[in-house]
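Here are my notes on this structure. Please read them with the model open.

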Amino acid sequence: MTDLTEADIQARLARLADLRAAIGQAIVGQADIVEQLLIGLLAGGHCLLEGVPGLGKTLLVRSLGEALKLDFRRVQFTPDLMPSDILGTELLEEDHGTGHRSFRFQQGPIFTNLLLADELNRTPPKTQAALLEAMQEKTVSYAGVTHQLPRPFFVLATQNPLEQAGTYPLPEAQLDRFLLHVRVNYPTEEEERAILAQTTGAGGGMVPTVMQGEEVLALQKLVRDVHLSDDLLAWVTRLVRASRPADTAPEEIRRYVKWGAGPRAGQALILCAKARALLQGRLAATREDIAALAAPVMRHRLLLSFAAEAEGRSADDVVAALVRAVPLA
């Protein structure tokens, strides 16, 4: 467990509890959403948020940045957005004293710690691919020069599930690059009443800074040291393999799944389970951690069949059936 002392580890676990409490001062409810975003951050991945407008996605990301004292930028994706609009471009500068001209790279909004890519499916595939490449490599290459992105680097992309006209749906290969697919639903009646009271009064929810970027990087390293038993490792392997239609797959998978999850799903499920354990103050992942994250990890990695659509089966229904069908031992 790294070279940290037990006291250091416990202190960092306590800071995670403070982080959740700080975000809760600005965000009412949405406990599962906050947890999944923090899991994505600690696991070192990126999240795709799906939900209708007006559910506080921008406020959530901004609050996360304030609590972590990280730079935050928001980009509204539109059909005319070009890759250089997010990555950056070169500017021609002239020294008025010598008359010498040279190019200088002007960084785009992607050079930040937290990036909210709003309505990613509204921009053409060329711009989507540029963002996803930077997300994967954590670098931007321009004119033969590679520029490192800041660390930590965390992208939260959103898409509206209602409107399909004028959009460019992300292909399965690009969806697979997102660690988690987070569904943002409407708040409960009590939560909505609290939101209305908090956002229409004189006072606003101030988010205190409780953690620095360096501490986030240290926690990301600590996540990989969280213990996962061989039995759970074997179970994750069977879960992912059982999601692929084959003679040995569960009946519901053979009927409702056209294309199953790849090995990256297993990697994501293990890292997210470890991050959830750490977020809850534990140094060992459990079966409950894996089961709780199976849907957000796998729902965007399954290509459902026509039979599933005809019978109204969602990816979450299939994942739930998969967890039930595959035994732990």
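Which residues form one aromatic cluster? Phe105, Phe111 and Tyr142 do. Keep in mind that this is a predicted model. The points below start with that cluster and then turn to the chain and its backbone.

1. **The edge-to-face pair.** Two aromatic pairs are present in the structure. One joins Phe105 and Phe111: the ring centres are 6.0 Å apart and the planes stand at 70 degrees, so this pair is edge-to-face. The cut-off for that class is an angle over 60 degrees.

2. **The tilted pair.** Phe105 also pairs with Tyr142. Here the ring centres are 5.6 Å apart and the planes lie at 45 degrees, so the pair counts as tilted. Phe105 belongs to strand β4 (residues 101-107) and Tyr142 to strand β6 (residues 139-142), so the contact ties together parts that are 37 residues apart in sequence.

3. Phe111 is buried, at 7% relative accessible area. Phe105 is buried too, at 15%. Tyr142 has a value of 26% and is partly exposed. The cut-off for buried is under 20%.

4. **Overall fold.** The chain has 14 helices and eleven strands. Its radius of gyration is 21 Å, close to the 20 Å from the globule rule for 329 residues, so the chain is as compact as a globular protein of that length. The C-alpha trace spans about 75 × 50 × 45 Å along its principal axes.

5. **Packing and contacts.** Of the 329 residues in the chain, 48% are buried. Take the contacts with a separation of 6 or more: 76% of them link residues 24 or more positions apart.

6. The accessible surface of the chain is about 16,200 Å². Carbon and sulfur atoms account for 52% of that area.

7. **The cis peptide.** Where does the chain have a cis peptide bond? One joins Arg151 and Pro152, with omega at about -5 degrees. Pro152 sits in the loop between β7 (145-148) and β8 (154-159). For context, most peptide bonds are trans. Please check this site in the model.

8. **Positive phi at Glu119.** Most residues other than glycine have a negative phi. Glu119 is not a glycine, yet its phi is positive, about 55 degrees. Glu119 lies in the loop between β5 (114-118) and α5 (125-137). Is this residue buried or exposed? Glu119 is buried, with a relative accessible area of 18%.

9. **Positive phi at Lys138.** Lys138 is another residue other than glycine with a positive phi, here near 60 degrees. Its place is the loop between α5 and β6. Tyr142, from the aromatic cluster, lies in that strand, β6.

10. **Ala31.** Ala31 lies in helix α2, which covers residues 31-42. With a relative accessibility of 49%, Ala31 counts as partly exposed. The cut-off for exposed is over 50%. Arg20 is eleven residues from Ala31 in sequence, and the two C-alpha atoms are 9.0 Å apart in space.

Terms used
Residues are numbered from 1 along each chain as its sequence is written. This is a predicted model: local features need pLDDT of at least 70, side-chain atom pairs count only at pLDDT 80 or more; totals for chains, interfaces and linings use all residues. Side-chain values use heavy atoms; hydrogens and water are left out. Rings of Phe, Tyr and Trp (its six-membered ring) pair if their centres lie within 6.5 Å; planes under 30 degrees apart count as stacked, over 60 as edge-to-face and the rest as tilted. Buried means under 20% relative accessible area, exposed over 50%, partly exposed in between (1.4 Å probe, protein chains only). Helices (H or I, at least four residues) and strands (E, at least two) are DSSP runs, numbered from the N terminus. The radius of gyration is taken over C-alpha atoms; the globule rule is 2.2 Å times the number of residues to the power 0.38. Contact means heavy atoms within 4.5 Å. Accessible areas come from the Shrake-Rupley method with a 1.4 Å probe; for residues, only the protein chains shown count as cover.
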